[in-house]
Structures are given as structure tokens and as C-alpha cells.
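User: I am new to this structure and would like to learn how to read its features one at a time. Could you guide me through them?

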Amino acid sequence: MKIDEGISNPIHPHHKLKLEYTEIPFNCDGCKEAGIGLKYSCRRCEFDLHKACAMPPPTITHPFYKKCEFQFNYRSPGQHMRICDACRNDVLGFVYHCKRCDFDLHPCCANLPQVLDDGEHNLYLCFKLSSSCHHCGGKGPGWSYRSQCKSYNLHVACVKELLVESWQAMYLNADKNRIREIQTRIPSLSRKLRNHHGGRGGKVMKCCQMAGGAVRLIVSAILGDPTAIIGAAVAGFMSK
């Protein structure tokens, strides 16, 4: 078994970064987005990077942007604030940028799987929503994951928003009243699907049972970890 001797990174040149595994969410010092699971870390400096941010390819392509070539940048190009075209969040650090088309992607967003498979059902990454997001109720811009049965959609942006709130509630000692407020705002996909279908038939219940697994998969993918198990730690708080 090969011993991990660590890697070097230009924005943290003084110490090697070691590959670690954590079930506690962290803030990536590269892209400034949340992470969980595998990370490259310097314990001496409390410095953490997503795996996707620690060893980024210099250029990538993406099936949603056929004419684009994205180049990796350690900081947002240009003088103006830029927005990730996948999750619609601000670009605050590492980013993939296409000079030709002016598109931007966070490293973890650029690496979101096209298909998430929990062993029974598939979720598909979509460029545009075909029906309303089950959290915000809108069809606004940004990527989403859609169930195979097309019964529900979730914006990547909406899942990120919920993650930040649940993270604050669980790990940052938020006020108890604030936690209760967050819990009432977190969508119960199962309940929404039952209301959407107007009943509790066998097909409806099966689809509702998919919802919890779907959230775990999406959470896991967005946080940069390839396993659904780690996502359950946060998603369980979201899908009750």
C-alpha cells in the first residue's frame, strides 16, 4: 500500500497537503465553497482544499458547453464579480473560465456527475429545468438534478442554499430559534411529492421514498465527495 506523502499547491507552498477524510463540513480555501468527505489538508495551518481544487486539470471541457474550453484560474478573471453558471453562486476563488464564451464554473460544479445512481434509481444533471424546482417553485437559470421518472427537480443552487443553512445550524451553534426556523423551511420532498400527485398510491409512495435518497446523492455530489453515505450526514437533516 502506497503511503501518501502529500502534494504541493501554489497557494500553500510552505507545507505538503495530506489527503484526509472528514464527516464534518469544511470551507475550501481554494474555491471558498463548502465541502465534506475527502479533502487535502494542512493541519498546521488549518488549510483545506476539495480534491477537485487541489489537483485541477489546467483545461477541461463540459458536455453542456460544446464550443467551450475552460481554463483553470486561481482567482476570478477580470475586475467584476463573476457568477458560476452551474449553481449561480458568486465566484470567490478558484474557477474554470471560458474566455471565448465568458462562462464560469466552480471546480466542484464542473465535476458534478451527469448521472447519479443509488443502485435503484438514476438522477440526471440538466442544463435547464423542464418543470418547477421542488424547493423554490421556479424555473430560473442554473443546473438541476431531475429524477428518472421526471416527477421532481432540484436546482443545484437550492441544495447549496439549504446546505449552508443546515451547516450553520448543526456546526456553528446557531440560535435555537433560528434552527427551528430553518427546519420549517427545509423542504420535505416526500410530502411535496404526495401533494403534487394528490394521493398516496403505490407509485406515489415509491417516488416519495426516492426523494430522500435523491437528496443524499445530490448533497454528496455538490460537496465534492463521490459517495452517497457521507452526504447522508447533512442530507438527513434536510429530508426529514
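Analyst: Let us begin with a turn. In the hairpin of β7 and β8, four residues lie between the strands, and Asp 102 takes a positive phi near 65°. Please keep in mind that this is a predicted model.

User: In what order do the four strands of the open sheet stand?

Analyst: In general, strands of a sheet pair through backbone hydrogen bonds, either parallel or antiparallel. In this model the order is β5-β6-β7-β8, and the pairing is antiparallel. The edges are taken by β5 (59-62) and β8 (103-105), each of which has a single partner strand, so one side of each is left without a neighbour in the sheet. On average, and ignoring direction, neighbouring strands of this sheet are turned by 30° against each other.

User: Which residues stand opposite each other where β7 meets its partners?

Analyst: Strand β6 (residues 65-73) pairs with β7 (residues 95-98) over three bridges; there Gln 71 has His 97 as its bridge partner, while Phe 72 stands opposite Tyr 96. On the β8 side, Tyr 96 has Leu 105 as its bridge partner, and β7 and β8 are likewise joined over three bridges.

User: How many salt bridges does the structure hold, and what do they connect?

Analyst: Side chains of opposite charge can pair when their charged atoms come close. The structure holds five salt bridges. In one of them, the closest N and O atoms of Glu 20 and Arg 43 are 2.8 Å apart; Glu 20 lies in strand β2 and Arg 43 in the loop between β3 and β4, so the pair ties together parts that are 23 residues apart in sequence. Glu 20 is buried at 18% relative accessible area, whereas Arg 43 is exposed at 68%.

Another salt bridge joins Arg 82 and Asp 102 (2.5 Å, N to O). Arg 82 lies in the loop between β6 and β7 and Asp 102 in the loop between β7 and β8, so this pair links parts 20 residues apart in sequence. Through shared partners, salt bridges join Arg 82, Asp 102 and Asp 104 into one network.

Note on methods. Residues numbered from 1 in each chain as written. Predicted model: local features only at pLDDT ≥ 70, side-chain atom pairs only at ≥ 80, totals over all residues. Heavy atoms only, no water. Pairing = 2+ DSSP bridges. Helix = DSSP H or I, 4+ residues; strand = E, 2+ residues; numbered from the N terminus. Axes fitted to C-alpha atoms, helices over the stretch in contact; angles between N-to-C directions. Salt bridge = Lys/Arg side-chain N within 4 Å of Asp/Glu carboxyl O. Buried < 20%, exposed > 50% of the residue type's maximum accessible area, 1.4 Å probe, protein only.
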